[in-house]
Amino acid sequence: MKKILGPIAVIVGIIVLLGIILVPSYNKFVNLEEDVDQSYAQVENQLQRRLDLIPNLVNTVKGYASHEKEVMTEIAEARSRLAGATGPEEQAAADADLTSALGRLLVVVENYPELKADKQFTQLMDELAGTENRIGVARKDYNDVVATYNRQTKRFPGKLVASIFGFDEKEYFKADPAASEAPKVDFGDDKD
C-alpha cells in the first residue's frame, strides 16, 4: 500500500505545483487580453468619431467649393476603406489614406477665405482636431497595453502558458510608412 501512495503523492504534488504556477499566469493572460481588446475598442471608437465628423465637414466645404469634386471623392473613398478595415494594420493604412485626403481638403480650404471664416466649418475643424488628438492618445494606450501583453507571452512562465492555451502575440497599431514623410502643402503664394 505504501508503494502505491508514494507515486500517487508525487503525481498529486506535481499537479498542485502546476496549478499554482499555471492558474495565476493563465488568469493574468485573460486580464491582459481583455485590456488589449478594451484599448483597441477605444481606438475604434475614436476612429468612428472621426468618420462621423467627416461627412459634415465635407458638406460644409461642398457648399463653398462645389467644383473640388476629386478631393471630395478621395475623402469619401478613404472614409469607406477605414470604415471597412479590420485589424490594426489595415486600419492604420486606411487611416493614413484618410489623413492624406483630409490634408488635400485643407489645401482646398486655403483657396476659400470665406469658408475659413464660416462658423460651422471652424467648429467642425476644432472637433476634428480634438478627435485627431484622441486618436493619437488611444493608439498610444493600445500600443502600451499590447507591449505589456506581448512581454508576458515572451517571458517564463508566460511563454509556456501562452503556448499551452493559445495566447498569441498581439499586433501593434503602426503608422503607415508614408506618414514619416512631411506633407507637401502648396498655398499658391509663389511669386515668380
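**Entry 1. Terms and overall fold**

I take helices as DSSP runs of H or I with at least four residues, numbered from the N terminus. With that settled, I placed Pro157 in the loop between helix 5 and helix 6. I note at the outset that the model is predicted.

I then looked up the secondary structure and recorded 6 helices and 0 strands. Read from the N terminus, the order of elements is α-α-α-α-α-α. Of the 192 residues in the protein, 32% are buried. I also checked how far apart in sequence the contacting residues lie. Among contacts between residues at least 6 apart in sequence, 77% join residues at least 24 apart.

The bond from Phe156 to Pro157 is cis, its omega being near 0°.

From helix 5, the residues Gln152, Thr153 and Lys154 meet Gly158, Lys159 and Ala162 of helix 6. I sorted this contact by class and found 1 nonpolar, 3 polar and 2 charged residues.

**Entry 2. Helix 3 against helix 5**

Next I examined helix 3 (residues 88–110) and helix 5 (residues 119–154), whose axes come within 14 Å and cross at roughly 155°. This makes helix 3 roughly antiparallel to helix 5, because the cut-off for that term is an angle over 145 degrees. I recorded the crossing of helix 3 and helix 5 as left-handed.

Which residues make the contact? On helix 3 they are Pro88, Asp95, Leu102, Leu106 and Val109. On helix 5 they are Phe121, Met125, Leu128, Glu132, Arg139 and Tyr142. By class, the contact of helix 3 with helix 5 has 8 nonpolar, no polar and 3 charged residues.

**Entry 3. The nonpolar core**

I looked up the largest nonpolar core and found that it has 43 residues. Those with the most contacts inside it are Leu57, Val61, Ile75, Leu98, Leu102 and Leu105. At least two residues of this core come from each of helix 1 (2–64), helix 2 (69–84), helix 3, helix 5 and helix 6 (158–165). Helix 1 gives the most, with 13 residues.

**Entry 4. Two single residues**

Is Thr131 buried or exposed? Thr131, found in helix 5, has a relative accessible area of 0% and is therefore buried, the cut-off being under 20%. Residues up to four places away in sequence again excluded, Thr131 touches Gln46, Arg49, Arg50 and Leu53.

I then turned to Glu89, which lies in helix 3. Glu89 has a relative accessible area of 59% and is therefore exposed, the cut-off being over 50%. I also looked up the spacing of Glu89 and Glu171, which are 82 residues apart along the chain. Their C-alpha atoms are separated by 7.6 Å.

Key:
Residues numbered from 1 in each chain as written. Predicted model: local features only at pLDDT ≥ 70, side-chain atom pairs only at ≥ 80, totals over all residues. Heavy atoms only, no water. Axes fitted to C-alpha atoms, helices over the stretch in contact; angles between N-to-C directions. Parallel < 35°, antiparallel > 145°, perpendicular 65-115°, else oblique. Left-handed = near helix turned anticlockwise from the far one by under 90°. Contact = heavy atoms within 4.5 Å. Nonpolar A, V, L, I, M, F, W, Y, C, P; charged D, E, K, R; others polar. Buried < 20%, exposed > 50% of the residue type's maximum accessible area, 1.4 Å probe, protein only. Core = buried A, V, L, I, M, F, W, Y, C linked by side-chain atoms within 4.5 Å.
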